[in-house]
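I opened this entry to log what I looked up in the model. The notes run in the order in which I checked things.

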Amino acid sequence: MEPDRPIYAQLIEKIQTRIVSGYYGCGERLPSVRELAADAAVNPNTMQKAFAELERSGLIVTQRTNGRIVTEDKELIDSVRCRLAQNHIDAFGRKMKELGFTKEQIFDLMDRRI
Amino acid sequence: MSSLVELKGVSKSYDNKLLAVNNVNLSLPRGKIIGLLGPNGSGKTTMIKMINGILAPTAGEIRIAGMPVGPGTKARVAYLPDRNYLTGNKTVEQVFHYFDDFYENFSMQKALGMLESLHIQPEARLNSLSKGTKEKVQLILVMGRDADLYVLDEPIAGVDPAARDYILRAIIDNYNPEATVLISTHLITDIENVLDEVVFVRRGQIVLYNSADKIREEKGKSVDAYFREVFAC
């Protein structure tokens with residue numbers, strides 16, 4: 001955890017990452033709030049808040065019989081995946097500009113590294 | 001929802017001079033893990049002792065689950081004092097039985113389970129235990145109860161980092177939406193991820209009561225960093 005950012009926001013990102021990467025598959029049942037809170041060594045209320053936010057966004061769906069599952073809406077998962085990627089690219093782009101690189105130089109470096 | 005702990009105009013003075021706690025109004029809900037944070041001598045322990053009926057307020061009123069502090073609240077509040085009270089040559093298990101007889105809500109099974117995961121022998125005699133191990137046993141005596149309110153006065157100060165992690169995990173695992181855990185400490189970094197809410201105490205007064213994540217969100221810094229700013233010497 002980064003100490004200077006709200007924990008619930010970081011938990012949301014962690015769970016989003018697990019969903020878009022397929023660690024928690026489409027339609028798969030999620031562990032309980034209590035288990036996830038214990039895993040992350042955070043307060044169950046904070047995990048609950050992260051879950052509520054993920055439910056609002058539609059990424060997690062509560063089923064009466066089956067508990068909480070990952071949405072079966074593949075398009076939604078894809079769009080979250082793209083948005084997370086954009087956030088990383090934006091942050092990376094800012095850092096590289098701070099270091100004085102032009103767009104072409106960044107592409108060139110990227111090409112050689114990846 | 002009615003609050004679990006209610007302090008109304010509570011003050012405490014020692015020898016009619018220093019006001020250790022000065023007109024505190026505070027109301028704590030159920031289902032939260034709350035940090036009581038303040039520098040040394042700010043009145044944290046005095047507040048805690050009044051909540052537990054060890055000290056009587058000079059003025060004001062304290063209610064827990066609607067009841068004035070007394071035998072009824074003591075049966076429902078599990079208290080970890082800031083000093084060690086385990087002495088003599090009784091065994092750990094004998095002390096557990098003592099608690100089991102004394103408190104209806106003490107779970108022998110839970111306490112023995114915690115003892116085992118901390119690798120402490122039930123047959124060990126109290127006077128053979130190290131200071132840190134005694135602290136662990138005292139914490140087990142507290143967390144072994146099914147209480148409405150857990151009041152932990154400096155629970156992590158005297159134990160090693162691995163035991164600290166265990167204690168924090170035990171607090172999380174023990175979480176119950178009907179119960180609240182009030183933790184006083186000045187080791188904020190170790191504990192802040194576990195806290196829902198924090199109370200800052202300065203010179204016997206509450207200077208802030210807010211959610212831990214709100215502080216991070218609004219101030220852009222950790223609770224520990226914000227504490228250092230507020231209490232800068």
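**Ground rules.** I am working with a predicted model, where local features need pLDDT of at least 70, side-chain atom pairs count only at pLDDT 80 or more, and totals for chains, interfaces and linings use all residues. Residues are numbered from 1 along each chain as its sequence is written, chains are lettered from A and ligands numbered from 1 in the order in which they are written, and side-chain values use heavy atoms, with hydrogens and water left out.

**Entry 1: the contact between the chains.** I took contact as heavy atoms within 4.5 Å. Chain A gives 16 residues and chain B gives 17 residues. I then looked up the buried area, that is, the accessible area (1.4 Å probe) that two parts lose on being put together, summed over both. It comes to about 1400 Å² for chain B and chain A, with 48% on carbon and sulfur atoms. On the side of chain B, B:Ile172, B:Asn193 and B:Asp213 supply 40% of the area buried against chain A, more than any other three residues.

Which elements give two or more residues to the side of chain B that touches chain A? I found helix H6 (161-173) and helix H8 (212-219) of chain B. For these I used DSSP runs numbered from the N terminus: helices are H or I with at least four residues, strands are E with at least two. H8(B) has the largest share, 3 residues.

By class, this side of chain B holds 5 nonpolar, 4 polar and 8 charged residues. Ala, Val, Leu, Ile, Met, Phe, Trp, Tyr, Cys and Pro count as nonpolar, Asp, Glu, Lys and Arg as charged, and the others, Gly among them, as polar.

How many salt bridges run between chain B and chain A? I got 0, with the criterion of a side-chain nitrogen of Lys or Arg within 4 Å of a carboxyl oxygen of Asp or Glu.

**Entry 2: the sheet in chain B.** I counted two strands as paired if DSSP finds at least two bridges between them. Four strands form an open antiparallel sheet in the order S2-S1-S4-S5 (chain B). Strand S2 (18-28) and S5 of chain B stand at the edges with a single partner strand each, so one side of each has no neighbour in the sheet.

Next I went through the bridges. Strand S1 (residues 5-14) and strand S4 (residues 59-64) of chain B are antiparallel and joined by 5 bridges. B:Lys8 has B:Glu61 of S4(B) as its bridge partner. S4(B) and strand S5 (residues 67-68) of chain B, also antiparallel, are joined by 2 bridges. B:Arg63 is partnered with B:Pro68, and B:Ile64 with B:Met67. The hairpin of S4(B) and S5(B) has 2 residues between the strands, and B:Ala65 there takes a positive phi near 50°.

**Entry 3: loop residues.** I used buried for under 20% relative accessible area, exposed for over 50% and partly exposed in between (1.4 Å probe, protein chains only).

- B:His119 lies in the loop between H4 and helix H5 (131-143) of chain B. Its phi is positive, near 55°, and B:His119 is not a glycine. B:His119 is exposed because its relative accessibility is 70%.
- B:Arg203 lies between strand S9 (197-202) and strand S10 (205-211) of chain B, in the loop. B:Arg203 has a positive phi of about 45°. At 66% relative accessible area, B:Arg203 is exposed.
- B:Glu104 sits in the loop between helix H3 (92-102) and helix H4 (108-117) of chain B. B:Glu104 is exposed at 86%.
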